[in-house]
Amino acid sequence: MRDKLNFFQSISFTLACMVGTGIFTSLGFQLQSMDDVGWIMLLWIAGGLVAFLGSLIYASLGTAMPGNGGEVLYLSALIHPVFGYISAWVSLVAGFAAPAAASALTAASYLGYFYPGFPQKIGASIIVFALTAIHLKSISVSGKSQFYLTLVKIFIIVVFIIMCFGLGKMNISANNQNLFFSKKLDLSAFGVSLLYVLYTYSGWNAFGYFAGYVENPSKNIPRIALAAVLV
């Protein structure tokens with residue numbers, strides 16, 4: 001019998017795609033053009049809403065067509081196979097290869113703090129090849145390893161949040177006491193910053209690419225989509 005991914009393993013794949021490089025790097029770019037806490041928070045809420053609505057649409061498609069491939073499957077079935085073919089090439093060249101490379105390079109750059117002088121590109125390549133080898137082993141091994149790796153990732157972020165509240169200090173000057181919505185919204189800056197948020201949240205549709213391996217897809221796919229995005 002073909003291996004299947006259980007509910008929690010499936011969530012971990014989607015979470016791993018959503019919680020990645022962007023959450024640690026994109027905020028710095030946003031703060032270059034927006035330094036009001038209120039608008040920044042609203043920005044992330046808006047991006048989360050877009051991801052949530054997108055997950056509802058994909059959950060409907062994944063339930064109706066529980067196969068592997070995501071956009072490739074949906075575009076081929078609903079419009080024409082040529083659109084699925086084009087989508088597959090875009091995903092191969094940019095949609096998956098580029099984010100995987102960016103994530104690996106970011107991880108390797110963090111390792112550089114502990115091992116100064118270690119070549120970043122070599123470190124990133126080792127990470128990519130190691131994770132690829134794990135996922136090529138079997139669906140069962142891939143699901144279990146991804147589940148535990150995602151737990152570690154979420155645990156680290158929870159620790160960061162606790163440290164911010166426990167150790168962080170905010171010194172507010174007399175001239176800047178209202179950090180929430182104290183400045184007029186710059187729509188152009190908001191729009192550009194929203195792109196970084198959407199990049200960070202990208203991956204909310206990950207369950208569509210392996211829906212064919214999900215246990216009881218008609219029941220679990222909607223639950224996976226909603227649970228992963230909400231987390």
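This briefing describes aromatic contacts in the structure above. The model is predicted: local features require pLDDT of at least 70, side-chain atom pairs count only at pLDDT 80 or more, and totals for chains, interfaces and linings use all residues. Residues are numbered from 1 along each chain as its sequence is written, and side-chain values use heavy atoms, with hydrogens and water left out.

**Aromatic pairs**

- The structure contains 9 aromatic pairs, where rings of Phe, Tyr and Trp (its six-membered ring) pair if their centres lie within 6.5 Å, and planes under 30 degrees apart count as stacked, over 60 as edge-to-face and the rest as tilted.
- Tyr58 and Trp204 are edge-to-face, because their ring centres are 5.3 Å apart and their planes stand at 85°.
- Tyr58 belongs to helix 3 (residues 37-64) and Trp204 to the loop between helix 9 (187-201) and helix 10 (217-230), so this pair ties together parts 146 residues apart in sequence; helices are DSSP runs (H or I, at least four residues), numbered from the N terminus.
- Phe96 and Tyr209 are also paired edge-to-face, at 5.0 Å centre to centre and 80° between the planes.
- Phe96 lies in the loop between helix 5 (81-95) and helix 6 (97-114), whereas Tyr209 lies in the loop between helix 9 and helix 10, 113 residues apart.

**Accessibility**

- Tyr58 counts as buried at 12% relative accessibility (buried means under 20% relative accessible area, exposed over 50%, partly exposed in between, with a 1.4 Å probe and protein chains only).
- Phe96, at 42%, counts as partly exposed, as does Tyr209, at 23%.

**Cluster**

- Tyr58, Tyr74, Trp204 and Phe207 make up one aromatic cluster.

Technical notes: Helices (H or I, at least four residues) and strands (E, at least two) are DSSP runs, numbered from the N terminus.
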